[in-house]
Amino acid sequence: MNVPTVEDRLELLGVLVGAYILFTVVGMVLGQPWSTAQGGVVAVIQLVGILATAAVAVLLVLVARGENLDELAAKAKQ
């Protein structure tokens with residue numbers, strides 16, 4: 001049985017932490033914290049916070065994997 005080896009352990013750690021944060025974001029969305037908010041402004045702030053957390057998690061995974069963010073931004077503009 002061939003067990004894959006990881007040369008850069010920080011890459012593995014970054015990907016695992018990013019994945020954990022993304023699972024946390026899914027849990028926050030499924031928990032619907034905005035349903036208990038008294039006002040609409042509070043719900044919007046909660047949703048912005050959830051989306052910002054997801055963005056940080058995705059960037060963490062991309063940086064940990066060594067992706068070139070300039071190339072990804074150029075592809076997104078096309």
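The partners are Arg 65 and Glu 11, and their closest N and O atoms are 3.9 Å apart. That counts as a salt bridge because the cut-off is within 4 Å. As a general point, side chains of opposite charge can pair when their charged atoms come close.

So where do these two sit? Glu 11 belongs to helix α1, residues 9-31, while Arg 65 lies in the loop between α2 (40-64) and α3 (69-77). The pair links distant parts of the chain, 54 residues apart.

Are the two partners buried or exposed? Something in between: Arg 65 is partly exposed, with a relative accessible area of 47%, and Glu 11 is partly exposed too, at 27%.

Now, on to the surface. Leu 10, Leu 13, Val 17 and Leu 60 make up a nonpolar patch there, and together they have about 350 Å² of accessible area. Helix α1 gives the largest share of that patch, three residues. Take Val 17 as an example: this residue is found in α1, and its relative accessibility of 34% makes it partly exposed.

Finally, a word on confidence. The protein chain has a mean pLDDT of 84, and 92% of its residues reach 70 or more. Confidence is highest in α2, with a mean of 90, and lowest in α3, with 81. Where pLDDT is low, the predicted coordinates should not be read in detail.

Note on methods: Residues are numbered from 1 along each chain as its sequence is written. This is a predicted model: local features need pLDDT of at least 70, side-chain atom pairs count only at pLDDT 80 or more; totals for chains, interfaces and linings use all residues. Side-chain values use heavy atoms; hydrogens and water are left out. A salt bridge is a side-chain nitrogen of Lys or Arg within 4 Å of a carboxyl oxygen of Asp or Glu. Helices (H or I, at least four residues) and strands (E, at least two) are DSSP runs, numbered from the N terminus. Buried means under 20% relative accessible area, exposed over 50%, partly exposed in between (1.4 Å probe, protein chains only). Patches are made of residues with over 30% relative accessible area and no salt bridge: like charges are joined within 9 Å, nonpolar side chains (Val, Leu, Ile, Met, Phe, Trp, Tyr) within 5 Å. Accessible areas come from the Shrake-Rupley method with a 1.4 Å probe; for residues, only the protein chains shown count as cover. pLDDT is the predictor's confidence in each residue, from 0 to 100.
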